[in-house]
Amino acid sequence: MTGKLIHIFKGFLDLLFPQKCLGCGIQDAIICESCLMSFPPFLTENKPPNLPEIDEIFVATSYENEIVKKTIWLFKYRGVKALAEPLSSLMVKKLGDKITHLISNSSQTAVIIPIPLSRKKLKKRGYNQAEILGKCLSDKLSIKMETDVLYKIKETISQVEIKDRDKRLKNIQGVFAVKNPEIIKNKIIILVDDITTTGATLNEAGRVLKQSGAKKIIGLTVAKG
């Protein structure tokens with residue numbers, strides 16, 4: 001199908017099934033501004049407890065909110081990639097000033113690195129939601145994103161399926177590796193993901209990045225579960 005035909009087909013679908021806000025149902029907005037800004041705040045700052053490799057963590061909202069939960073589920077598992085735009089806007093509006101202030105007061109350059117998926121999961125899902133989110137944040141915050149640094153070297157059980165914190169930590173140990181370490185040497189790394197629960201994934205990624213020369217690790221997520 002050519003680009004023109006795809007555009008026509010999408011227009012036809014929009015006529016049959018007009019886009020409605022996931023929160024209030026208003027038409028022509030996947031998430032309207034009012035609903036987006038009504039998401040409950042969940043701001044975590046400074047040195048987080050039990051996460052020795054993370055220097056700062058910033059979270060935009062709570063996963064306990066039903067609209068937040070539905071939005072992230074559609075974005076992560078149902079291929080609604082357009083949700084990256086409002087979700088990244090939420091992060092910037094609630095956290096952007098804090099991030100830019102922290103970076104501007106440092107002599108180190110900052111780079112955004114999305115939490116990677118394993119090859120198997122990436123092939124199955126077809127996209128990495130953290131990378132799509134990271135690209136939107138990169139554009140909005142004018143911070144370069146690097147996708148050729150952190151990668152996942154082995155399959156694990158999904159962290160969502162593990163409730164015990166100690167088991168989560170054990171499950172994620174040794175799953176990440178770094179290539180092209182010169183890209184991150186002495187830099188501030190902004191680790192981006194859609195959701196964090198115990199912080200085990202962010203912490204393990206931060207550990208290997210610091211071992212490879214990163215100066216400081218900031219966790220940045222849409223929600224905390």
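I started at Cys21, which is buried because its relative accessible area is 5%. Buried here stands for under 20% relative accessible area, exposed for over 50%, and partly exposed for the range in between, with a 1.4 Å probe and protein chains only. I note that the model is predicted, that local features need pLDDT of at least 70 and side-chain atom pairs pLDDT 80 or more, while totals for chains, interfaces and linings use all residues. Residues are numbered from 1 along each chain as its sequence is written, and side-chain values use heavy atoms, with hydrogens and water left out.

**Disulfides**

I looked for disulfides (cysteine sulfur pairs within 2.5 Å) and found 0 in the structure. For Cys21, the nearest cysteine sulfur belongs to Cys32 at 3.8 Å, and Cys21 is in no disulfide. Cys32 is likewise in no disulfide; the nearest cysteine sulfur to it is that of Cys35, 3.5 Å away. I also checked the burial of Cys32: its relative accessibility is 12%, so it counts as buried.

**Overall layout**

The protein chain has 8 helices and 6 strands. Read from the N terminus, the order is α-α-β-α-α-β-α-α-β-α-β-β-α-β. Of its 225 residues, 48% count as buried. Taking a contact as heavy atoms within 4.5 Å, I find that 74% of the contacts with a separation of 6 or more are between residues 24 or more positions apart.

**Helix H6**

What length should H6 have? The expected span is 1.5 Å times one less than the number of residues. For the 13 residues of H6 (129-141) that gives 18 Å, and the end C-alpha atoms are 18 Å apart, so the two agree.

Next I listed the buried residues of H6: Gln129, Ala130, Leu133, Gly134, Cys136, Leu137, Ser138 and Leu141. An α-helix has 3.6 residues a turn, so residues three or four places apart point the same way. The cover over the buried residues of H6 includes helices H3 (66-77), H4 (84-104) and H5 (119-125), along with strands S2 (110-114), S5 (188-196) and S6 (216-224).

At the start of H6, I see a side-chain oxygen of Asn128 within 3.0 Å of the backbone nitrogen of Ala130. Just after the helix, Ser142 has a positive phi of about 55°.

I then took Leu141, a residue of H6. Leu141 counts as buried because its relative accessibility is 15%. Leaving out residues up to four places away in sequence, Leu141 touches Val92, Gly96 and Thr100.

Glu146 sits in the loop between H6 and strand S3 (150-152). Is Glu146 buried or exposed? Its relative accessibility of 13% makes it buried. Beyond four places in sequence, Glu146 touches Val111, Ile112, Ile113, Pro114 and Ile183. I also found a polar contact of 3.3 Å between the side chains of Glu146 and Lys144. Polar contacts are N or O pairs within 3.5 Å; within protein, one atom must be able to donate a hydrogen and the other to accept it, and residues adjacent in sequence count only if both atoms are side-chain atoms.

Last, I found Lys179 over the face of Tyr151, 5.3 Å from the ring centre; the rule asks for NZ of Lys or CZ of Arg within 6 Å of the ring centre and within 35 degrees of the ring normal.

Terms used: Helix = DSSP H or I, 4+ residues; strand = E, 2+ residues; numbered from the N terminus.
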